Amino acid sequence: MKDRSSTSISAEVSGREESSRGRSAWLIPVVLGLYALLVVLVVLNGFQEYQALLSVDSPASAEARDALLYRLILGHGLVLVLALVAPALLMYVLVSRDRELRDLKLRQEDLQIQLRYQSFHDPLTSLPNRMLLEERLNSKIAEARRSGKRFLFLLASLSDFKRINKNLGYEVGDEVLQHVAHNIVDCLRDADTVARFDGDIFAVVADINEKVEASIIARKVQNSLSRPIDVADSPLTVSAAIGVAIFPDQGEDMPVLIKHADNAVTKARAAGSNNIVFSEEDASSGMDRLALITGIKDAMMEGHLSMVFQPKLALTAPDTHAFEALLRWQHPEHGLLPCDVYIPLVEQTRHIIDLTHWTVGACFDVQRKLLDQGVRASIAVNLSARVLDEDGFPLWVERMIMQYGLDPSLVRFELTESAIMQDSERALQVLLQLAAIGVGLSIDDFGVGHSSLAYLSRLPVDELKVDKSFVLSMIKWESDRAIVRATINLAHDLGLNVVAEGVEEMEQATMLREMECDMLQGYYISHPLTEEQLHQWISSQAA
């Protein structure tokens, strides 16, 4: 953003440059032409005078003729020398003038950069200020609307900061803010935005895929604030009330997100220092929750539900085609609904059984089409804990596999640790029946549940999916990297394959390959694909 001084300098420089270019356009050719004409005239004049001297034959005038010839050569020679030197002097003056204008232009550009930086950054912490934060937030919203991604907006309000200023002085308070800013930036990814929102309030904008990632990021910010700060020759700790809003759950424009995050901060502050509160004013708060539950049935009938498929890249078997099926509900009134808005509601009813049947049927249909084209593709479907309570579910799956003529090894079901542990013995029986059919079974989000290693060894699963929260932060945090490495080694010792979720960067993929992870899944590999895009993906991998 330019200010008046920057604009006036720019206008002055531009005016000078245009004027200089205008003069140069006609001045140099004209001057050079005049000098050329002068040289011609001097040469002609000298030649004429020389001819006149040669016509004088009398001996009495020989000495006078020699003197005249000497003066002729000297005079015209000096004129010719000046005629040759003057253009060089002119070019030197013009080049010096152009260099001066270029230097002025560079100083003006440096000043513009400096003024823009000062306009968009906090002078104390060097973080983006609120103006730049709002600009980036608007850009992030526009990008998220196009891509369907989610992101969080977090506000962290320091507790009792006024007391620090009052008891220790404003210089110490400024130093504390600088340390806090550095600690927050250091605990997050390079792609995340950290800004000084207002006074002792900091803001974070970060991409997420699931709400659990928002919790992880909020905890990391909280932990970074708890690090001792060395000021005034003694360690000082601070705490903060943290409020989080998620796009699009808490709204799809900037003022609404800021309002919900601010309300969450207020609630966190009221609950005491060092609390994290997530805004509950989600996208479904303006809907009739009962209508969402009953509407899922109509959505299946009216074509408002669809499946997308996220590829898994097999590192140990490059020719393998594997995908995870993800549900999408394009609501006629509320647009695209995030799964965590309606799935928890539907899981409270038997509609979750119908939804599971619809999802499995849609995936089997896609697999059948691929088989007809000679492509064997494994597609994984997420199962709810409620499905494990259904006695006839394994038999239904077996009938569907036979109906579509599928190889059971191409069918895979994913269950979270928490879903299995709700009724571990009952879940074990259902999983044993599914395994007897020959389908693959995966434990999803491994590492954040509560299953014991002893119980894990009893489960008839053949795959672990490392929770994305560990993968996302494994580059920055050695502890998360150690957890991922230990999980891979544990799984391999138990004879299980390992899928790493949340792979978003090449460095993560490189680390996981070195750890001998079997499969990678995440935006670095591919975003979820529609059925049409799925066929294109498979064709591109075969090419």
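Start by selecting strand S1 (residues 150-158) and strand S3 (residues 201-208): eight bridges join them, and they run antiparallel. Strands here are DSSP runs of type E with at least two residues, helices are runs of H or I with at least four, and numbering goes from the N terminus. Two strands count as paired if DSSP finds at least two bridges between them. Pick Arg150 and you'll find Ile208 of S3 standing opposite.

What you have open is a predicted model, where local features need pLDDT of at least 70, side-chain atom pairs count only at pLDDT 80 or more, and totals for chains, interfaces and linings use all residues. Residues are numbered from 1 along each chain as its sequence is written, and side-chain values use heavy atoms, leaving out hydrogens and water.

Now widen the selection to the whole sheet. Five strands make an open, mixed sheet in the order S2-S3-S1-S6-S7. Strand S2 (193-198) and strand S7 (276-278) are the edges, each with a single partner strand, so one side of each has no neighbour in the sheet. From one strand to the next, the twist averages 20°.

Next stop: helix H4 (residues 161-168) and helix H5 (residues 170-187). Their axes, which are lines fitted to C-alpha atoms over the stretch in contact, come within 6 Å and cross at roughly 140°. Angles run from 0 to 180 degrees between N-to-C directions. That makes H4 oblique to H5; under 35 degrees would be roughly parallel, over 145 roughly antiparallel, 65 to 115 roughly perpendicular, and the rest is oblique. Show side chains for Phe161, Ile164, Asn165 and Leu168 of H4, plus Tyr170, Val172, Gly173, Val176 and Leu177 of H5, which make the contact (heavy atoms within 4.5 Å).

Jump to strand S14 (residues 463-466) and strand S15 (residues 497-500), which run parallel with four bridges between them. Click Val499 in S15: Lys465 stands opposite, and in S16 its bridge partner is Met519. From S15 the chain crosses through helix H17 (residues 506-514) to S16, a right-handed β-α-β crossover. Right-handed means that, with the strands pointing away from you, the path from the first strand over the helix to the second runs clockwise.

Finally, colour by pLDDT, the predictor's confidence in each residue from 0 to 100. The chain's mean is 80, with 78% of residues at 70 or more.
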